[in-house]
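Subject: Structure handover

Hello,

Here is the structure for you to look over. My notes follow below it.

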Amino acid sequence: MDVAEFREYCLSKPGATEGTPFGPNVLVFKVGGKMFGLAALDEVPATVNLKCDPELALDLRDRYEQVRPGYHMNKKHWNTVEIEGGIPDVELRKMIDHSYELVIYRLPKPKIKAEAQSGRNSTAARRARC
């Protein structure tokens, strides 16, 4: 997965938005006004930051050398991931999904419903309707 594919996948999430609040070299992906991903455009190899459950974060860091504690983030809740470093795309998509879902589950219920009404049938959208 490269940065363009990462960007495309993040923006495919219901209610996802993109911005550059930290300058033109860092793409920030949000849902409901809360960050779920960041992509450093000037890093080689390409890296992204993703929110993660603390126990899963430790497991991923043990499993993949390309996963480290979040750079400039709360290292307990964020991972920095080399996306072109050999982690299978399916695993990277799971990490993005997990990050997105952690954020959307903490949104107030009216905001979750608004984010989920994009017409996509995602896991987060299904859970929001329950």
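A definition before the notes: Ala, Val, Leu, Ile, Met, Phe, Trp, Tyr, Cys and Pro count as nonpolar, Asp, Glu, Lys and Arg as charged, and the others, Gly among them, as polar. By that scheme, the lining of the largest cavity has 5 nonpolar, 1 polar and 1 charged residues.

**Confidence**

This is a predicted model. The average pLDDT of the chain is 86. A score of at least 70 is reached by 84% of the residues. Please treat one stretch separately: over residues 119-130, pLDDT stays under 50. For that stretch the model has 17 contacts beyond four places in sequence.

**The cavity**

Searching the whole structure gives 1 cavity of 30 Å³ or more. The space in the largest cavity is about 40 Å³. Which residues line it? They are Leu 50, Lys 51, Cys 52, Leu 60, Asn 79, Val 81 and Met 95. Under the classes above, Lys 51 is the charged residue and Asn 79 the polar one. Two strands each supply at least two residues of this lining: strand 4 (47-51) and strand 6 (78-82).

**Ser 99**

Two of the cavity-lining residues, Leu 50 and Lys 51, turn up again as contacts of Ser 99. Phe 36 is in contact with Ser 99 too, leaving aside neighbours within four places in sequence. Ser 99 sits in helix 3 (residues 89-106). Is Ser 99 buried or exposed? Its relative accessibility is 0%, so Ser 99 counts as buried. The cut-off for buried is under 20%.

**The pocket**

The largest pocket holds about 320 Å³ of space. Its lining comprises 18 residues. Ala 40, Glu 43, Thr 47, Asn 49 and Tyr 71 lie nearest the centre of the pocket. By class, that lining has 10 nonpolar, 4 polar and 4 charged residues. Strand 3, strand 4 and strand 6 each supply at least two of the lining residues. Strand 4 and strand 6 also each supply at least two residues to the lining of the largest cavity.

Strand 1 (residues 16-19) and strand 2 (residues 26-31) run antiparallel, joined by 4 bridges. Ala 16 has Val 31 of strand 2 as its bridge partner. Their hairpin has 6 residues between the strands, and Gly 23 there takes a positive phi near 110°.

Strand 2 also pairs with strand 3 (residues 34-40), again in the antiparallel sense, over 6 bridges. Here Val 26 has Ala 40 of strand 3 as its bridge partner. Ala 40 is also one of the residues nearest the centre of the largest pocket. This second hairpin has 2 residues between the strands, and Gly 32 takes a positive phi near 60°.

**Backbone points to check**

Most residues other than glycine have a negative phi, and most peptide bonds are trans. Two places in the model deserve a look on that account.

- The peptide bond from Val 44 to Pro 45 is cis, with omega near 0°. Pro 45 lies in the loop between strand 3 and strand 4.
- His 72 is not a glycine, yet has a positive phi of about 60°. His 72 lies in the loop between strand 5 (67-69) and strand 6. At 65% relative accessibility, His 72 counts as exposed, because the cut-off for exposed is over 50%.

Best wishes

Definitions and conventions
Residues numbered from 1 in each chain as written. Predicted model: local features only at pLDDT ≥ 70, side-chain atom pairs only at ≥ 80, totals over all residues. Heavy atoms only, no water. pLDDT = per-residue confidence, 0-100. Contact = heavy atoms within 4.5 Å. 1 Å grid on protein atoms, 1.4 Å probe; cavity = no way out; pocket = protein on both sides within 12 Å on 5 of 7 lines; lining within 4 Å. Points joined across faces, edges and corners; volume = space filled by probe spheres on them. Pairing = 2+ DSSP bridges. Buried < 20%, exposed > 50% of the residue type's maximum accessible area, 1.4 Å probe, protein only.
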